[in-house]
Amino acid sequence: MKSISLLFALFLFSFGASAQRSSPPILGFEETIPSAILGLKRSVLIHLPVSNGGDKKKDTGRYPVIYLLDGPDNFNSVVSIVEHLEESGLCPPMMVVGIAHEDRLRELTTGVDKEFPGSVGTGEKFMSFVGKELIPYIDATYPTTTYRTFIGHSVGGLTVVNTLLHQPSLFNAYVSLDGALWWREHQVVREAQMLLLTQQYKGKALFMALANRLERGVDTVSVLKDTGSTTDLLRSNLRFIQEVKKNKANNLLFKHKFYENDDHASVRLIGEYDALRFAFGFYQLKIYDSELQNPDFDLKSLLTKHYQDVSERMGYAVRPSENQVNSLAYAMLRAKQLKKSKALFELNVANYPNSANTYDSIGDFYLETGNKAKAIEFFKKALQLAEIPETRNKVNALLPVK
C-alpha cells in the first residue's frame, strides 16, 4: 500500500477538506456552467484583475487566464499572488478561473491504479470539458487573451503533466505542484520517454515543485534507487525530471525546485509563487537609477523594445501600462529631464488615444514648461473624452475671463 501520509493527503483533498472546515470568502465570484460532455453543471470561481474593477467589458483590457484545479482550496492564494505580482510589475494583470470538482480523484486521473481499485479515472473526459467547453465559454464571456496557465497540485499536478504531454497546445505555462506521477506505476513517466523525444514545446514552460518526504539521511540521488512506497511520489517526479533534461532539443522551458522545508500540503503556496515568477520571468521591466539619471538615456526606446519582447513571448501585442508610463513621465518632469518626459507622455497618448487621462497628463507637461496654448489644446481633448473636474478647472484657469 501507499504510505499512510500519502493516503491521508489524498483522502483529505478528495473527500474530507470541505467537511472539516468552512471555506473562506472567495476573492472573486462563482459561476455555474452547463456541460454537455460531463452531463451536469459545473461550478467555477472567477477573479478579474483589481485594476479592471471587476468589469467584464471587453474594451477595458484583455487578460491572460490562469486555470486552476482544486479551485476552492487554491483560489484565494493564487489570486493574492497574482495581484501582488501585478502590483510589483512582475506579471501582467490576469484572470484566475478555479475549477471545483465533483470527485477529484476520478476527474484528475486516468484508468485504475492498483492501490485504488474502486476508482476509475476519467481524466480524458474532464479535460475534454476544459478544452471544449470551459475555455471557449471563458473566452466568449470575458476579456481574455490567448495566453493560458494551468496549475494543479497532487493528482491535479498529474493532470497538468498529462495535459502537457497529450495536449501541449491547450496552455502556454504548466505548473505541477508535488504531482502524483506515481499513478498507474509511473505511467506518465513512461509516456514521457517517447513524447518528450518527438514533440516540440517552443513557447511552452513547465515548473515542477517537489515537497520533502525524505527520511533522515536520504537525499534526492539515493531515493532514485529506492523501491519503497513512501518515496514513490518523489521518485516518479525525479524520473520525469530526468526525462525532461534528456530532451532539451524539444525547447521546453523548464525549471524544478525541491522544497526542503515543505511537505505535500505546504508546498502549494510557495510553489505557486515561484512558478508564476518563473513563467513570467520575462515580464519584469528593469530600469536602473543610472539610466533614470542620465538625460541622454532613451527610456521610450527601452520601454518599446521590452514590450516587443514581451509580446513575442505571450503571442499577442502587449503595451506598457498607462499608469507605468505616466509615473515615469511625471518623475522625469520633476527631475527636469524634459526630453524624456515629453517622449513618455507622447507614448502614452499613442498607446491609449481614448484615455482622457493621457491628454490631461501631457497637458500638465506643457503647462509646466510654459506652453499654455498647447496645454489648453490637450486639456480640451481630455474633456472631449471625459468630463474631469480637475481638467475643467485647469482650462478655466488658463482661459481669459470674459
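**Aromatic pairs and the sheet**

Reader: Starting with F345: buried or exposed?
Author: F345 is buried, with a relative accessible area of 1%, where buried means under 20% relative accessible area, exposed over 50% and partly exposed in between, using a 1.4 Å probe and protein chains only. This is a predicted model, in which local features need a pLDDT of at least 70 and side-chain atom pairs count only at pLDDT 80 or more, while totals for chains, interfaces and linings use all residues. Residues are numbered from 1 along each chain as its sequence is written, and side-chain values use heavy atoms, with hydrogens and water left out.

Reader: What is the average pLDDT of the chain, and over which residues is it below 50?
Author: The average is 90, and 91% of the residues score at least 70, pLDDT being the predictor's confidence in each residue on a scale from 0 to 100. Residues 1-21 have a pLDDT below 50, although this stretch has 32 contacts in the model beyond near neighbours in sequence, a contact meaning heavy atoms within 4.5 Å. Where pLDDT is low, the predicted coordinates should not be read in detail.

Reader: OK, aromatics: how many pairs in the whole structure?
Author: A search of the whole structure gives 17 aromatic pairs, where rings of Phe, Tyr and Trp (its six-membered ring) pair if their centres lie within 6.5 Å, and planes under 30 degrees apart count as stacked, over 60 as edge-to-face and the rest as tilted. One of them is F150 with F171, whose ring centres are 4.3 Å apart and whose planes stand at 5 degrees, so the pair is stacked.

Reader: Where do F150 and F171 sit?
Author: F150 is in strand β7 (residues 144-153), and F171 is in the loop between α5 (155-166) and β8 (173-177), so that the pair links distant parts of the chain, 21 residues apart. Helices (H or I, at least four residues) and strands (E, at least two) are DSSP runs numbered from the N terminus. Both F150 and F171 are buried.

Reader: And what does F345 pair with?
Author: F345 pairs with Y330; the ring centres are 5.1 Å apart and the planes are at 85 degrees, so the pair is edge-to-face. Y330 belongs to helix α11 (residues 322-334) and F345 to helix α12 (residues 338-351), so the pair ties together parts that are 15 residues apart in sequence. Y330 is partly exposed, at a relative accessible area of 22%, and Y330 and F345 form one aromatic cluster with Y359, F365, Y366 and F378.

Reader: Switching to the sheet, what's the strand order?
Author: Eight strands form an open sheet with mixed pairing, in the order β1-β2-β4-β3-β7-β8-β9-β10, two strands being paired if DSSP finds at least two bridges between them. The edge strands, each pairing on one side only, are β1 (29-35) and β10 (253-259). Strand β3 (residues 63-68) and β7 run parallel and are joined by five bridges, and L68 stands opposite I151 in β7.

Reader: Which strands does helix α4 lie across?
Author: Helix α4 (residues 123-141) lies across β1, β2, β3, β4 and β7, running at about 140 degrees to β7; axes are lines fitted to C-alpha atoms, for helices over the stretch in contact, and angles run from 0 to 180 degrees between N-to-C directions.

Reader: Last one, V44: which residues is it in contact with?
Author: V44, which is placed in strand β2 and counts as buried at 0% relative accessibility, is in contact with F29, E30, E31, I33, V97, G98, I99 and L134, leaving aside neighbours within four places in sequence.
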